[in-house]
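Let's take a walk through this protein model together.

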Amino acid sequence: MIIIADSGSTNTNWIISDNRAGLEKVKTEGLNPNFSSPDHISSAVKEKILPLANNSDKVKIYFYGSGCSGTYLCNRVKEAIRKIFSKAYIEVKSDLLGAARALLGRNEGIACILGTGSNSCLYDGKEIIANIPPLGFILGDEGGGAYLGKRLLSDYLKGIMPSDVSELFSSKYHTHKDLVIEKVYRGEFPNKYIASFVVFIKDNISKPYCSALVEDAFGDFINRNIKFYERYDILNISFTGSIAWHFEDILRKVMKSYGLNTGEIIKEPTDKIMEFHLSQ
């Protein structure tokens with residue numbers, strides 16, 4: 001039995017392959033070791049994943065997660081899972097490597113994540129060989145949901161947003177400066193809160209303001225990340241994540257305007273990660 005997990009800031013997508021029972025899929029909350037305690041991770045695995053293992057004593061678990069960088073954090077996740085699957089083979093890697101394996105398989109190229117946050121890497125067909133640090137939603141994450149939401153909220157509160165869009169936003173959210181400040185600077189998971197406003201951009205993408213906002217964000221992602229990889233102008237560049245998926249047309253348009261080669265754009269990498277491991 002093979003169990004794959006792709007864990008972002010918001011959700012963790014699991015897929016389980018058993019030759020006798022086919023594929024099963026389940027979704028849990030994001031299990032980032034920077035924010036989720038080992039006990040919390042163990043509890044989620046016990047509640048949602050263990051019942052699907054069918055008492056199999058031969059289990060391989062490949063966990064690809066946001067925040068899984070460095071030995072300490074990867075071991076933190078591994079040991080939390082091992083409390084539930086004590087005899088399993090467990091491998092914990094970054095969500096970025098999972099994205100690269102899903103998008104590029106064994107081919108070289110540039111793999112990108114555009115979800116709540118953003119990330120990218122140069123991949124040689126086996127490993128990540130270069131990574132421009134994303135730096136999170138405060139210092140970076142260009143092109144991601146929190147980046148878009150941050151700009152949207154700022155424009156609204158500063159009165160920069162066009163009046164017709166501002167009226168739509170006000171009627172939908174009934175929010176105000178003090179509440180936003182409280183949520184962003186003193187609330188839990190401010191990146192998720194800010195990114196939640198992307199649905200407004202999507203619903204109003206026909207408005208020139210909203211489409212320009214997305215175009216600018218993708219341009220920033222290219223200029224501050226992709227352009228710093230060797231041979232970025234000749235390699236295939238592929239994307240995964242909800243932002244890339246929902247705004248695919250704009251993303252392809254912006255990439256074309258920079259003369260870049262756009263490869264695959266997929267919403268979630270889990271299925272293709274499973275294909276990668278099944279082919280081993």
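Predicted model: local features only at pLDDT ≥ 70, side-chain atom pairs only at ≥ 80, totals over all residues.

Start with the strands. Five of them, in the order β8-β7-β6-β9-β10, make up an open sheet with mixed pairing. Which strands stand at the edges? They are β8 (128-130) and β10 (261-266). Each has a single partner strand, so one side of each is left without a neighbour in the sheet. Going from one strand to the next, the twist averages 35 degrees.

Zoom in on the β8 end. Strand β7, covering residues 118-123, pairs with β8 in the antiparallel sense, over 2 bridges.

Helix α3 (residues 95-104) touches β6 (109-114), β7, β8, β9 (236-240) and β10. The direction of α3 makes about 120 degrees with that of β6.

**A look at S94**

Now for a single residue. S94 sits in strand β5, which runs over residues 89-94. A polar atom of the S94 side chain lies 3.1 Å from the backbone nitrogen of L97. What else does S94 touch, once its neighbours within four places in sequence are set aside? The answer is Y64, G65, C68 and I128.

| Helix pair | Angle | Axes |
|---|---|---|
| α5 (residues 145-158) and α10 (residues 208-224) | roughly 135 degrees | within 10 Å |
| α5 and α6 (residues 163-173) | about 105 degrees | 11 Å apart |
| α1 (residues 38-49) and α2 (residues 71-82) | about 45 degrees | 8 Å apart |

Take α5 and α10, whose axes cross at roughly 135 degrees. That angle makes α5 oblique to α10, and α5 passes α10 in a right-handed crossing. On the α5 side, the contact is made by Y147, L148, R151, L152 and D155. Facing them from α10 are Y209, L213, V214, D216, A217 and D220. Sorted by class, this contact has 7 nonpolar and 4 charged residues, with no polar ones.

The helix α5 also packs against α6, at an angle of about 105 degrees. How do these two lie relative to each other, roughly parallel or roughly perpendicular? They are roughly perpendicular. Here L152, L153 and Y156 of α5 meet S166, F169 and S170 of α6. By class, the residues in this contact are 4 nonpolar and 2 polar, and none is charged.

Last up are α1 and α2, packed at about 45 degrees. These two helices are therefore oblique to each other, and α1 passes α2 in a right-handed crossing. Which residues meet here? From α1 come P38, I41, S42 and V45, and from α2 come R76, V77, A80 and I81. This contact divides into 6 nonpolar residues, 1 polar and 1 charged.

Notes
Residues numbered from 1 in each chain as written. Heavy atoms only, no water. Pairing = 2+ DSSP bridges. Helix = DSSP H or I, 4+ residues; strand = E, 2+ residues; numbered from the N terminus. Axes fitted to C-alpha atoms, helices over the stretch in contact; angles between N-to-C directions. Contact = heavy atoms within 4.5 Å. Polar contact = N/O pair within 3.5 Å; in protein donor to acceptor, adjacent residues only side chain to side chain. Parallel < 35°, antiparallel > 145°, perpendicular 65-115°, else oblique. Left-handed = near helix turned anticlockwise from the far one by under 90°. Nonpolar A, V, L, I, M, F, W, Y, C, P; charged D, E, K, R; others polar.
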